[in-house]
Structures are given as C-alpha cells and as structure tokens.
Amino acid sequence: MTTAWIDGEAAEHAAAIAAAAGRIRASRHPLFTGDYGDVATTRALLRLAAQAGGAVDQQNAAAALGWLSVLRETGSFVGAPAEIRRRADMLLFVGPNALQAAPELADFVLTEQPDLGRGKGGPRRVLWLGGPAALPDLPGGGRVEAVACAPGQLRAALSMLRAGVSGQRFGKGPLATDVIHALAVTLREARFGALVFAACDLDELDLEMLLGLVADLNAETRWTTLPLSGDPAAFGAAQVATWTAGWPLRLGFGRGVPEHDLWRFDGARLAASGECDLVVHLGSGEADLPEAFRELPLIAVTSDATAWRSEPAIRFTVASTSAGHLIRFNELWGSFVAAAPGTASDRPSPAELLDGIAEALDAASQEEAA
Amino acid sequence: MLTCLKGGHVVDPVAGLDGPADLWVEDGRVVEAPDGPRPDRIIDCAGLVVMAGAIDIHSHIASGHVNTARLLLPEFHKAFQARPGATKLSQIGWTAEETGLRYAEMGFTLVVEPAMAPSSALHSHLELADIPIIDKAALVVLGNDDVLLSLMRAGESPQAIEDYVAWTVGSARALGVKTINAGGSAAFKDNVRAFSIDDEVPDYGVTSRAIVKTLQSAVTGLKIPHPLHVHCNNLGIAGSADSAAATIQSAEGLPLHLAHLQFYGYGAGGKRGFSSEGQRLAELVNARPEITVDIGQVMFGPTVTISSDELRQFAGRTAGSPGKYVIMDGEANGGGVVPIDYKETSYYSALQWAIGLELFLLIKDPWRVFFTTDHPNGAPFTAYPELFALLMDRDVRARWLEMLPDAAVKATCLTELDREYTLAEIAIMTRAAPARLLGLPDRGHLSPGAVADIAVYRPGEDKAQMFASAAWLLKDGEVVVENGAVTRRRFGKALALKAETDAAMGRRMERYMQDRYGLPAHWFAVPQDALGRETPFGWVDMR
C-alpha cells in the first residue's frame, strides 16, 4: 500500500520521511497548519514546529482566537453547557448567528427544561437580541421573544442595556428607552441566566460590551455566558498549545523560544508575504487546501489517498481512524473527551507521521553536528 | 546498574539517619550495601546532604483552570521570556514542561495537583502526562456535584455514597478526594453570596458540614490512604478562622486534612478589621492529632489565584491585579481565576505572610504540617527555597520583618518565635510525612526497597540557595539533575489508586448521565492509552 508520494510519484515511506525532513531543514521559515485538533496530532505538530523553528497556525484558528483575545483582555464569566442546560431559566441569544455557530450545542442546551436550582421545574425564557428576521423554531418547542436590533447596532444596544441594568442614564440608541427598561428588569429577574453568542461572529468590542453586561448583572443575580467558538478542534488545539508553550495559537518558534502573535503567525499572511517558504499542511485532501498555500512548496498530510490534480512536493496519507482513544475537545462537555476506539489502520496516524519526520530531522541535525 | 552515593550526610528521619552514610541504588530502588560487586558508578557526596526526593502535596499544576490562568495572563509569560532571570513570574513554572524542570532542579520527585474536576479529569491527566521528570498525582473534587448532593438529599446509604466516591476516584484516576467549599459553589449558582459550615445548600437541604462528614466517612470507609482533603468555607475573609476551627472540630477523631490553612488564619480585630488568628489555629491543630494541614504560605510579588471555590473567587474578583478575572460556572464546582499582587508594603499582604509563618512555627509536629504556597495562589512553587530559609533561620525572618509595615509587624507574634526548623524536620515535612500522608510506603525515605528518588544538596549558610539547586537528583535511580540543571529529560508516572468500582454504580451513573444530559458516563473516564506515554500510571494500594 502506497502511503507517500514525492512530486506525484509513489515513494517508499522512509524515503518520503527523509525527503520531508530535508525540505523542512532547508526551509528558511516553514509553516505548520491545517485542519487538526486532536491532542496527539497537536502535540506532535508543536514538537515538530519547535524543532524546525517554524510557525504554527490552525485552519480555523480565527474562530477561537477572537474570543480568547477578548477573554484575556477583559476576563469573563463562562458557563459549562451541561450546567446551563440544567440550571438556566433564562437564555439571551445575541447576534444573528447565535444558533448557527454550534447548532448541536444549542440543541443540547435548549432541549430540556431546567431541573436544578431556583429555576427548577419552571419554563425557560428565551430572548434573542439582534436575531435573524425569521426566528427559527427552538428544539423542545420553546418560544423566542425577539428584541429586534440591526447587527451593526448590537454594541450600542448592549451598552444601553448595561446602563439600564445598572440604573444609569443612557441616551438615544437602537432600542427605545422603554424597551431597554423592560429588558433590564427581565434580565435582573433571571435566577440563573446565560448569554449565548457566536464568539466567532461578533467583533471584539461587541464581545467586550457583552461580557461587561454579564459582569454587571452578576452584581445582583446570577448570569453566565456560553460562547460558541464555531470550531472545537481549533479551541482544543489552542488549549494544547497553551499548556505546551504558555500561549494559545498562533505560535512561532523561529527565535528558539515560543512566541505568540495572532498577526505575525497568521498562516495566510505568512504565505502571502513570502515570509514562509514551505507549508506543512494537514487535511483530508486537495479540496481542503486553502488558496493561500497553493503557490508554495507543500508537504501535505492527508487522510484521503486520492491523487491531487496539482501534486504537492511530498504527500503522505495517514489513518483516518484510530484503534486507540482519540482525544478531542468537546463543546458539549466543555473539556476533552476520549472517542471510542475505531478500527486499526495500516497507515500511520498523523502524530506517528509527524513524529517520524521529527526523528529524521533530529538525526540529520546530529549527523551534521558530528 | 549499581550506583553508590558515597559519603554524604544522609538525613532520613524514617530510618533514624542523620549523619554520614553510603547509599546504594540498583534497578530504580535503594538496595542494601552489596557484599561483592563494585558499583558501576560512584557519586561522591562528601560534604553534601542526601535526602529522599521531595514531595509536594498541594500545587495547582495541571487542570482546565490552570490553563485558563495561562490564557488570561499572556503578559506574565511574555515578561518571563524577555527577562527570565529577573522577572518574579519567571518563578512560576508556567508551562507543563517548565513545571517539571523547575521542580526537578529543586530536588522534587512527586507533585500532587489538588483540584481535578471529575468532568475534566482527562484534561488534567493530559497536562500531567506532559510534565517531564517528576511523578505526579491528582485529587478529585467532590462536594458540589449534583450526584453526591442528590444521594445525600435522598438519604441514600453510606454504601451507595462509597460506591459513588469509588467510581469517581476510579474514573478520574485519582490519588485521593478533595472537597472545596463543600456546597458553596452549588449555593452560589443559586445566588447565595455567603456560605458557612452549617448553611444549607438550597434545594438539596444538606449543610456544608454534612457534606464534609459524608465524604470523610466515605474516604475512611473505602480505605483511601490520604484523608479527605478539605478546602474550608469562607477562604480569605476576615473571620475565616472560625470556619477552619469549626471544620477542625468536625473531624471527631477521624483523619482530616485542611488545605492552605494560612488563608483561614484571619480574625476581624484591629482598626483595619484584619488580624492574626495564627496562634489560635495552631493550638487547635496541636490539640487534634487526627488533623493534618498544609499552609499555603504567601510570599511577596505578583501571582494568580486559581481555585475551584467559585463563590470565594467571585467575591475576590474586584481585588484582582491586573483587573481582570474569569469565573467559571461549571457543573459541580466551577471555579475562578483572579490575578493578585502581594505587596510587602501592604498591611494585609504582610500579615498574610506572617500568619503563614506563625502556623509553621507554632504547629509543633512536623509530621502534621506541610509546606505549600498553594502554588500559585500564595506564591509560585519556586519560592519554596526562600520559605525553607525563613523556617530554618530566625535571622532571615528578622531581615524580612524589617521591610514590612510596622502595623503588620505589631499584629503578629512572629517576632517572639525563635524556633528554627532542623534539617531533619525539613526532611520530615517535605519527604517522610507527605509520603505517609499519601499512602506511599516506598517513598519519602531511603531504606532498602524505597523508590530511588534521591535529592542531594550542597549545604551552606544560605539555605535558600541550598534548596533552590540540587547538586544531584536521581529519579527512579537515574541521574536527572546535576548542579541544579536538568541533564536527562524523561517522563514519570501519575500515581493513582487501585480503586475497586461497583458495577451497579457504573450502570447507575450511565443512566444518570443519559437521563440528565443525554451523554455517556464514559466521558468521565481517563483511558490509559489516551495519554501518549508508555506507562502513564503507577498504581497505589488502598490501605
């Protein structure tokens, strides 16, 4: 079974590993990126990137990183989905895509009525500030109370609401004064409320205002937040990077120590600017490869063995299933979860492949040093 | 390989050794001096102090909350990287990698993460697995979880509760059980803002005291070696000594461990409404042999508080420095991350520092008091060498006291305390006693059969320097540190109890999880093959 190709030609696996290590070694600034997020692959990718002095990004990192940026600027209340499902007697969705970002998570939270705490046994109120024009039916058949607000006006509406909740004066804005006063009273009456939003869909100032509202509400009652990142894999990779390097993605190891910079190590920017001269990309196949990387020398690590129309410099196919437990971040659980073992594969796992390249890179370095 | 550590001053209180001796090591264990064979390696320990590897029973090194602290405070890590030698937070052991290296360099071989949430036990173990060199372990947190509180509300049998505790310990691969402000986090989610030992958790109708007693009974009944590890109510507030005193009195002859007692050493006296209750708590501990405590010493400088006491973290959020925080409404405990700066110019910080030392020096039995800074809550763990110097040398204490506000110095009895810890007492507190407390008979001493975790120090007047930098460290008989620098990077194990779990409880938990969440109970589990290490666990017997 062929698992490696060099310039489109089938190659011995070991030869392709050596070639990949050689390419990385010769590279001025390699970029390691793609659609990954399980713990083993992320660990291996970080190890290899650190060894190679490269940059590390993740295909959907932006979905997680905007939220993390705000979190570290302002702090936050954050709720576990499981607790919100059982305890929240009021949900306030914010923004037009609050349900779309993670429909499974929204279903999980909305399906059952609260059965813990002061709101136990009662109905759950669901309000939606700045929702879509046609509000969807909720799982479990609940009714949504719409508070209309244009997407561009969300921040102003939230700031009015903060003033209303805190009993401060506020001027004219996207919502009428009596709407703000009524809504402020409603929110303060929640026993345990949760503000649900697509973190990947709101800008950072919107998010700051929204977190400020929750902090204000907690002066009197209990509110928390449920940020939907839109990509648990990216969030999981960011978590692994944080305990490994001290920071979430995006990372660079070019100066011998991990550095974190969302702009500097943005893979698309590195490719467009010519700062990186080699891409190591993990994905399912050719269709997964972003346009930004198509003009650069490429080492592709894919789960699909289908030939590419435009073959990369080196291509590996790796296992798409695991005989062991694969660990991924799970948004319903709010932490890492071990997936049940699947079928064994003749192909190496992504982590085994990346470790193999790292070993070859290490051997080459030692040979040169000797 | 046969190794001889030759001619060192061996301090092993378990064996009654405090003088020159040779130590022999083979296949990862301390062995009797052999009759015939010559050692493959001799490590010259002449003039050096030889002890078992140090054990830290309470240090927040690996959890979702710890990672949230890293996410919240990127500036700390950046400052450290720019000036690693000069930045206070360079001491914090910030990544999993640095945690292992820094502990090893100080002669530590086992560290316990004291707050592993059952639902994120896998996360904790993933981080633990990435900490090199040392062995690790974790205590699983119960006491704010719906299952336990519901079992208690329903008046279920002690056996059912033991089965649940055993199931949790087994799933989470824990070395013991901790409760954190028992019932307080659950109450806070119902908007309760103050919660004491006899307050009831709304809806469940059980008190904090009942939760502690229930868990204490279960831990004792299951023969878990480490006593229930208790983080009391009302941490950090003036008057918190009453909570600790009530908890100590609730032990009723059964073993109970109180965590970071310093944070409860506060009265409400004086014109600032904040006074020392160190003497009172020390007397209580001295009088109750079933009680063990660790201190949670405050040292000066910026750090971050990481706690699963959501209620108290919420209350302390406004004092954060820098002014940002994360409060997590988890199922069960949740928690909070609040950065803090203990300033030596502050009356409050200075008195906290003094109260910790009062407790260390007034609690008489070194087998029952444990050094900790509650890393990173009181200070980073790398402050331990300075702490040992403070305990071993009253002149060092006097120099520190000179720098503190007069009002704080007047409010403490520290100036009257002449006690200086001996090396043997340090060895008890940092080696022998932790091993005994955790139920690890082959650690904490250097008798034949012991795990060959051996720390060798270069003695000197400067005790902080001595303990900051081990001359040698052997982990499982292998040299991993020389002259304070790691020479071999390897991975230790996570120690976990051999917990026998009841199949019926497993089925009951599966039903509970499906009924309440529509999720599988096996998501609590930590599979061995998930951690990316050949031998991730070392198994520890129940008593």
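This report describes strand pairing in a predicted model.

Local features require pLDDT of at least 70 and side-chain atom pairs count only at pLDDT 80 or more, while totals for chains, interfaces and linings use all residues. Residues are numbered from 1 along each chain as its sequence is written, and chains are lettered from A and ligands numbered from 1 in the order in which they are written.

Helices (H or I, at least four residues) and strands (E, at least two) are DSSP runs numbered from the N terminus; two strands pair if DSSP finds at least two bridges between them.

**Strand β3(A)**

Five of the five residues of β3 (residues 30-34) of chain A are buried (20 or more other C-beta atoms within 10 Å of the residue's own, with C-beta atoms placed from the backbone), so this strand is largely enclosed by the rest of the structure. In a regular strand, side chains alternate between the two faces of the sheet. On one side of β3(A) lie A:Pro30, A:Phe32 and A:Gly34, and on the other A:Leu31 and A:Thr33, all buried.

From β3(A), the chain passes through helix α2 (residues 39-52) of chain A to β4(A) in a right-handed β-α-β crossover (with the strands pointing away from the viewer, the path from the first strand over the helix to the second runs clockwise).

**Parallel pairs**

| Strands | Bridges | Bridge partners |
|---|---|---|
| β3(A) and β13(A) (residues 278-283) | Five | A:Thr33 and A:His281 |
| β3(A) and β4(A) (residues 55-56) | Two | A:Leu31 and A:Ala55 |
| β5(A) and β18(B) (residues 326-329) | Four | A:Phe77 and B:Ile327 |

Conventions. Buried ≥ 20, exposed ≤ 12 C-beta atoms within 10 Å, placed from the backbone.
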